Amino acid sequence: MIFFDNASTTKADPLCLDIIKKYCFDSYYNPSAQYHNSVEVGNDLKRARQNILRLLNGDGQFVFTSSGTESDNLALLGTPKKKGSRIIVSKAEHPSVMKVANELAQRGFELVLADVDGCGMVDFEKFKPLVTEDTALISVMHVNNETGGINDIKKLVSYAKSVNKRIIFHSDGVQALGKIKTDMAELGVDLYSVSAHKLHSIKGCGGLYVKKGVSVQPVIFGGGQEMGVRSSTENIPAIMCFEAVCNKILPSIDKYSSEINQLKQYIIDSLPQDGSVIKISCQGSPFILSLALRSVRGEVMLHALEKHGIMLATGSACSSSKPAKGWKTEYLPEEYKNGIIRLSFCHENDIPQAEYFINKLNLEYSELIKYAK
Amino acid sequence: MDKVIIIRVGELFLKGNNKRYFEDTLSRNIRKALDGIKCYLRSARNRFIVENYAERDHGAIIMRLQKIFGIHSVSPAIKIHADLDEISRVAAEISPKAGKFRVSVNKADKTIQKRSMDIAADVGQFMLKNSKDLTVDLFKYDFEVNIDIREDKTAFIFYERLEGAGGLPSGCGGKAMLLLSGGIDSPVAGHKIARRGVQLFAVHYHSFPYTSEKAKQKVIDLAKTVSKYSGDIELSVVPFTEIQYAIREKCPIEFMITLMRRFMMRIAERLAISKGCGALVTGESLGQVASQTMESIIVTNDVVKLPVFRPLIGSDKYEIIEDARNIETYDLSILPYEDCCTVFLPKNPVIKPRLSIVEDMEKLLDIELLVEGAIARTETIICSSY
């Protein structure tokens with residue numbers, strides 16, 4: 001079995017097992033309770049929060065949520081905005097941002113979409129005139145989930161702040177955390193969303209970095225957990241796992257990513273030279289590689305490769321039943337538009353797997369092309 | 001005082017000498033549907049009674065019973081010893097406390113001297129005394145309290161009559177093979193035929209890698225949903241890609257659908273015969289799509305000898321959708337996965353194919369080899385609802 005769909009989720013690190021066991025069977029106490037045992041759990045939670053903040057080099061707060069999607073929702077819905085003010089999001093945003101932005105447009109905000117290139121990266125020159133004095137919120141993802149393209153968040157933030165320093169800048173960093181450098185101070189963002197299960201932790205945990213001085217109002221009300229921003233009893237086992245994998249992975253990003261980059265480069269170099277399969281991915285995250293097949297549907301190739309035990313995606317798994325978004329195919333020649341497949345890697349993938357993939361890709365392509373329309 | 005459920009049968013009384021057979025089949029189907037729920041089912045003169053079940057299972061039993069073909073209606077009832085005072089007390093207790101009502105008594109126990117009408121009057125009096133908001137109206141009533149006194153001195157008291165699925169018990173009307181595509185129509189067609197007592201088998205054509213695992217799972221889920229009514233469905237999943245490849249290679253693309261449909265009918269018939277089915281069932285509705293024009297149906301029907309039942313042939317799409325919603329297959333059917341008919345779909349399919357032309361085209365194909373090859377690789381799945 002070859003899992004090339006690590007952008008959709010990842011296998012949990014075995015170290016999670018002991019942590020889950022500890023916080024489900026020994027230290028299972030509610031951190032909001034009054035007795036000694038729960039105070040200890042509360043201290044563990046505080047430590048995890050501070051540790052993740054430190055690893056992100058962030059000055060502010062880190063709010064634990066249930067997912068990247070919830071973090072994006074909290075960021076867009078929870079920031080105070082003047083009625084009717086402008087919201088800018090990039091055209092390549094994940095539905096967890098795009099759909100919230102559409103909802104805000106319904107509620108009377110002025111939604112403006114920033115143009116992107118074929119890699120999903122914001123076109124800076126076209127972005128500049130969109131940023132106006134009355135812009136309240138900008139959301140641009142850090143690493144594109146479909147192509148791996150990396151937005152120059154630092155540049156976008158500093159331009160936006162030069163127009164109006166009160167603009168809140170949010171970035172969806174779900175595909176960035178643990179894959180590329182995620183230094184909050186350097187990026188200058190006000191809000192930054194992350195998800196644990198994309199990083200070999202368990203599902204059900206995400207987080208939103210909130211820069212010092214930035215106000216976020218709750219979307220979920222209740223017992224006032226998470227500094228009052230996100231009520232719900234904290235998912236301690238998942239939070240502690242998240243912290244542990246961050247501890248393990250974030251300091252060694254360079255090592256991981258150079259290995260993955262070799263793998264990605266190997267696949268790119270091994271692609272057939274006849275134009276039957278081309279790469280879409282740009283200068284971007286080594287962890288994601290998008291390919292386009294000439295005259296063969298991506299979904300068909302996905303199923304054909306599944307037969308050989310290879311798992312990959314046609315796009316973002318959250319919207320895999322829908323056709324490719326406009327921006328992604330806009331710059332592709334007609335005969336490649338329906339042929340997009342996405343490979344996404346982790347440290348468990350290696351060159352022999354890549355070799356096997358290339359063999360099977362060529363084999364299946366030569367079969368499928370025979371019957372292509 | 002026990003809670004029981006009375007099951008009334010539908011058309012079985014029409015069936016004369018076969019009545020016993022129909023009742024036995026229905027009894028078997030009820031037992032099967034209530035599998036996993038601890039209860040006792042007994043038959044009692046034109047009806048069945050479910051008793052000795054746990055209170056928490058009451059709702060589930062009713063829900064399952066309402067889906068079984070051959071059941072006309074069900075009534076939750078109270079079973080007590082036939083003491084007249086007790087009957088009045090229970091009737092007042094379980095019935096609504098407001099509205100217009102009447103009381104009907106059916107007395108099989110002739111040792112009770114009092115006439116049925118007088119018992120009804122007594123019960124009515126008692127209920128009126130108990131609640132100010134009740135009035136008697138023998139004709140325009142909101143509810144009817146029924147009292148059924150049996151020979152063994154038990155009485156059943158109930159006022160609700162919940163509609164059953166009607167039709168005939170599944171299995172007493174032979175077997176048929178349903179062509180199940182994953183669309184809206186075929187599950188509805190299957191439901192309609194099953195309602196006439198037919199045991200359903202189903203066949204689905206799967207075009208891996210052009211159609212996904214999810215598309216296959218959707219069809220399994222559809223068969224499971226229909227099986228809530230029809231009983232278990234044996235689903236044959238036939239790999240269809242080789243046949244589509246062969247047609248694509250050798251024949252004009254405009255005839256793709258016509259030729260595919262002929263293969264589907266051939267394979268369905270062979271599978272049907274091997275399972276002892278006497279007919280094929282399709283969800284075709286005249287003129288709905290290119291393959292469902294009269295000319296197309298003539299050409300696709302020509303390859304089979306078994307009768308083909310098309311219960312939706314005269315239905316409009318919106319009628320079919322309404323039925324699909326009622327039997328809870330609609331939401332599954334509209335899940336957006338490719339089915340094999342949309343693979344290699346020509347831009348301009350022939351709408352009025354001619355049999356002789358189609359037959360000439362098929363001479364280029366090794367039909368026997370393709371059909372047998374597909375059947376040999378067919379996967380069988382038993383789709384069971386509960």
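The following exercises, each with a worked solution, concern a predicted model.

In this model, local features need pLDDT of at least 70 and side-chain atom pairs count only at pLDDT 80 or more, while totals for chains, interfaces and linings use all residues. Residues are numbered from 1 along each chain as its sequence is written, and chains are lettered from A and ligands numbered from 1 in the order in which they are written.

**Exercise 1. Domains of chain B**

State into which domains chain B is divided, and describe their contact.

*Solution.* Step one: chain B has domain 1 (2–163) and domain 2 (175–383), with bounds from an automatic or database domain assignment. Step two: the C-alpha centres of these two domains of chain B are 43 Å apart. Step three: four residues from domain 1 of chain B and six residues from domain 2 of chain B form the contact, where two residues are in contact if their C-beta atoms, placed from the backbone, lie within 7 Å.

**Exercise 2. Two helices of chain B**

Determine how helix 3 and helix 4 of chain B pack.

*Solution.* Helices are DSSP runs (H or I, at least four residues) and strands are likewise (E, at least two), numbered from the N terminus. Step one: helix 3 (residues 84–94) and helix 4 (residues 116–130) of chain B pack at about 45°, their axes being 9 Å apart. Axes are lines fitted to C-alpha atoms, for helices over the stretch in contact, and angles run from 0 to 180 degrees between N-to-C directions. Step two: helix 3 of chain B is therefore oblique to helix 4 of chain B; angles under 35 degrees count as roughly parallel, over 145 as roughly antiparallel, 65 to 115 as roughly perpendicular and the rest as oblique. Step three: among the residues that meet are Leu84(B) and Ile87(B) in helix 3 of chain B, and Ile119(B) and Phe126(B) in helix 4 of chain B.

**Exercise 3. A sheet of chain A**

Identify the strand order of the open sheet of three strands in chain A, and its edges.

*Solution.* Step one: the order is 9-10-12, with antiparallel pairing; two strands pair if DSSP finds at least two bridges between them. Step two: strand 9 (277–279) and strand 12 (340–344) of chain A each have a single partner strand, so one side of each lacks a neighbour in the sheet. Step three: strand 10 (residues 288–293) and strand 12 of chain A pair over five bridges, and Leu289(A) has Leu343(A) as its bridge partner in strand 12 of chain A. Step four: helix 10 (residues 298–306) of chain A lies across strand 10 and strand 12 of chain A, at about 50° to strand 12 of chain A.
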